[in-house]
Amino acid sequence: MSEKNDGANRDATKRSARERLQAEREREKTRDKRRRTLVVSAAVVGVLGLAAVVGLIAANTGKSGGADKAGPVVAPSGASGKDALAIRTGKDGAPSTLTVWEDFRCPACKSFEDNYRATVHDLEARGLLNVDYHIVTLIDGNMTGSGSLKAANAAACAQDAGKFPAYHDVLFQNQPEEVNDAYGKNARLLELAKKVDGLDTPAFRSCVEDGTHNSWVAKSHEAFRAGKFRGTPTVLLDGKDIFSDQANPLTPQKLKEQVEAAAKGAGQAPPSAGTPSATASAPGSGSGSRNRATPSATASGSAARTAPKGSATANPADASQD
């Protein structure tokens with residue numbers, strides 16, 4: 001009996017041990033399952049959180065501090081060309097058209113304007129040349145800021161007031177350093193408007209402060225990108241790029257000769273510079289017309305990038321690149 005009892009006790013002990021082991025395995029499985037559930041839940045929460053962050057970043061992509069919301073495309077008064085994206089200056093019926101793509105923050109554009117301003121004004125005043133200005137916002141994208149956009153809108157507002165030519169010149173003559181987004185402040189643009197007689201009006205101020213033409217400027221920049229131009233300034237005479245050929249660089253004299261030759265080819269005898277038709281008020285005087293001449297073939301002001309101060313030519317290689 002004793003041996004039988006001992007065997008029974010051993011069997012009971014073994015069963016008890018197996019049962020405890022089985023119970024422990026079940027508990028471990030339960031713990032593993034709980035851990036997996038927690039890990040999966042945490043992963044889901046993490047993914048959802050990441051998605052929320054990505055969505056927030058995506059929602060804010062392309063937004064700059066203080067940038068005005070896009071509104072309807074409102075072209076300035078008298079805008080012409082495809083989609084009304086050009087502001088034309090000069091006299092009706094001129095035999096040649098100069099197309100200029102430029103940015104009011106672009107140093108190379110300032111160099112072009114400073115060096116060619118007098119020649120362009122003279123050719124316009126003589127009835128030989130129209131200029132189609134297309135304004136872009138390249139520097140805002142490259143250097144950040146909103147000065148290109150706001151200056152372009154202000155120039156379009158000046159066009160509404162019949163003062164674009166004079167205000168256009170004032171903006172380039174007072175252009176800040178490329179890294180200085182001074183034109184991103186409406187107060188500075190309104191201050192410069194005081195340099196143009198009759199421009200600083202409630203209507204002009206409202207147009208500037210409301211960003212009336214911001215969407216029009218954006219559409220102009222889209223056209224610039226679609227045209228795949230090399231940079232700013234891009235200068236075309238009757239559709240031909242005359243500014244980027246470094247082997248035969250453009251000069252004010254060459255521009256004058258080409259425009260006069262085109263006038264003769266069209267059977268129009270070009271009036272001489274200095275005749276009454278070629279003389280008008282100086283830039284910035286507030287005249288609503290671009291038909292005026294300046295006394296010098298070059299204008300004062302710092303040339304852009306590598307173009308030397310006072311140079312008669314602006315180096316095409318200095319054009320701001322996209």
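Predicted model: local features only at pLDDT ≥ 70, side-chain atom pairs only at ≥ 80, totals over all residues.
**Entry 1**

Residues are numbered from 1 along each chain as its sequence is written, and side-chain values use heavy atoms, with hydrogens and water left out.

Lys-228 lies in the loop between H8 and E4; helices (H or I, at least four residues) and strands (E, at least two) are DSSP runs numbered from the N terminus. Its phi is positive, near 55 degrees, and Lys-228 is not a glycine. Most residues other than glycine have a negative phi, and most peptide bonds are trans.

Ala-84 also has a positive phi, about 55 degrees. I found Ala-84 in the loop between helix H1 (2–60) and strand E1 (87–90). At 22% relative accessibility, Ala-84 counts as partly exposed.

I then checked Thr-232 and Pro-233, which are joined by a cis peptide bond with omega about 0 degrees. Pro-233 sits in the loop between strand E4 (231–232) and strand E5 (234–237).

**Entry 2: H4 and H8**

Helix H4 (residues 147–160) packs on helix H8 (residues 214–226) at about 110 degrees, with the axes 9 Å apart. Axes are lines fitted to C-alpha atoms, for helices over the stretch in contact, and angles run from 0 to 180 degrees between N-to-C directions. H4 is therefore roughly perpendicular to H8 (65 to 115 degrees; under 35 is roughly parallel, over 145 roughly antiparallel, the rest oblique).

Which residues of H4 and H8 meet? Leu-149, Ala-152, Asn-153 and Ala-156 in H4 meet Asn-214, Trp-216 and Val-217 in H8, where contact means heavy atoms within 4.5 Å.

**Entry 3: the core**

I looked up the largest nonpolar core, which has 51 residues; such a core is a set of buried Ala, Val, Leu, Ile, Met, Phe, Trp, Tyr and Cys residues joined through side-chain atoms within 4.5 Å. Leu-98, Phe-104, Tyr-167, Leu-171, Phe-204 and Leu-255 touch the most other members. H4 gives the largest share of this core, seven residues.

Leaving aside neighbours within four places in sequence, I listed the contacts of Leu-171, among them Phe-104, Ala-151 and Tyr-183.

Terms used. Buried < 20%, exposed > 50% of the residue type's maximum accessible area, 1.4 Å probe, protein only.
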